[in-house]
Amino acid sequence: MEINSHLPFSQRTGLVSIPPQLKLGDVSQELRRLLDYCINLEIERETLYGTSSGYFTDKWKRVAQDLHVKYFKQWAGKFENSPYDWQKRLNTNILQANIGELFDLVEFVVQHENCSFELKKEITESFVTARSVYRVFDNQYIAAIGTEEQAAAFERAIQEAEARNATAARMHLIKAGVALRNSEWADSVRESIHAVEAMAVRLAPNTKDLQGAIRVLEVNGHLHGSLKKAFDLLYAYSSNEEGIRHANILSDKAQVDEADALFMQGACASFVSYLLARSI
């Protein structure tokens, strides 16, 4: 699954409303409040004052112009360089927008080159502070991470993979989170498994897939018998369930759901961390 940074969040996800009974697809009032606070702080940092009113610095004037035209879909000639009006406009949007529109805005801001590192850092921290089911990765993408326990395993694997330069495994994990956010259950499971496979093949570089890597790791004494059985079952599941392992098979044929995707993301993240530890 390709992550297309040119498509906005709502177009990639198709999310229209918030199902209140699900944690996935929900945005808490606390997260909205923190995001609004982050934006307000940035506006204050980027506001200059004249004799009668305030106006944006050149950097944030461009941010506001881009938001006006590209996010709010307004004509450029109607843009007004008024930090006060923009503060009210963004506040209303953050409080009232559905999840797709809100995350479009967040991704737009964190990806914009003229937004400060401080703002991007504060936004990323807001998702953590609000204990959201979502997180911001690489100042680019908002991805789902599941329950608190699954979140810990997922984020630990991401951090450890980055520290060990396990680029392929890290990207597969992030793609799994993006697919989970998009309700693409089979794609999420597939990417989670590919993350494990990427790490296993890294430890057994002359192999081509998870099954072959497992055999080599067992022979070399790098894999406990019980864990080998778990990896074998993982491989069997991904190979037998139509639409999971191979992207060229239509994923809607796979009999998987949200619970499967959440479990596999957490389990595979833990497997990646385990394999990273074995590679020391």
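1. R33 and E30 sit 3 residues apart in helix α2 (residues 29-45), which means that about one helical turn separates them. This is a predicted model. The two side chains form a salt bridge, with 3.9 Å between the closest N and O atoms. That distance qualifies because the cut-off for a salt bridge is 4 Å. E30 has a relative accessibility of 32% and therefore counts as partly exposed.

2. A second pair is found in helix α3 (residues 58-71), where R62 and D66 are 4 residues apart, about one turn of the helix. Their side chains meet in a salt bridge at 3.0 Å, N to O. The two partners fall into separate accessibility classes. R62 has a relative accessible area of 43%, so it is partly exposed. D66, with a relative accessible area of 10%, is buried, because buried means under 20%.

3. E162 and R170 also make a salt bridge, and the N to O distance here is 3.9 Å. Is E162 buried or exposed? Its relative accessibility is 52%, so E162 counts as exposed; the class begins over 50%. R170 is buried, with a relative accessible area of 13%.

4. Four residues, E42, R45, E118 and E122, are linked in a network of salt bridges. How many salt bridges does the model contain by this rule? The count comes to 10. As background, side chains of opposite charge can pair when their charged atoms come close.

5. Which elements each supply at least two residues of the lining of the second largest pocket? They are α6 (117-129), β3 (134-137) and α7 (148-163). The most comes from α6, which gives 6 residues to this lining.

6. Sorted by class, the lining of the second largest pocket holds 8 charged, 5 nonpolar and 3 polar residues.

Conventions
Residues numbered from 1 in each chain as written. Predicted model: local features only at pLDDT ≥ 70, side-chain atom pairs only at ≥ 80, totals over all residues. Heavy atoms only, no water. Buried < 20%, exposed > 50% of the residue type's maximum accessible area, 1.4 Å probe, protein only. Nonpolar A, V, L, I, M, F, W, Y, C, P; charged D, E, K, R; others polar.
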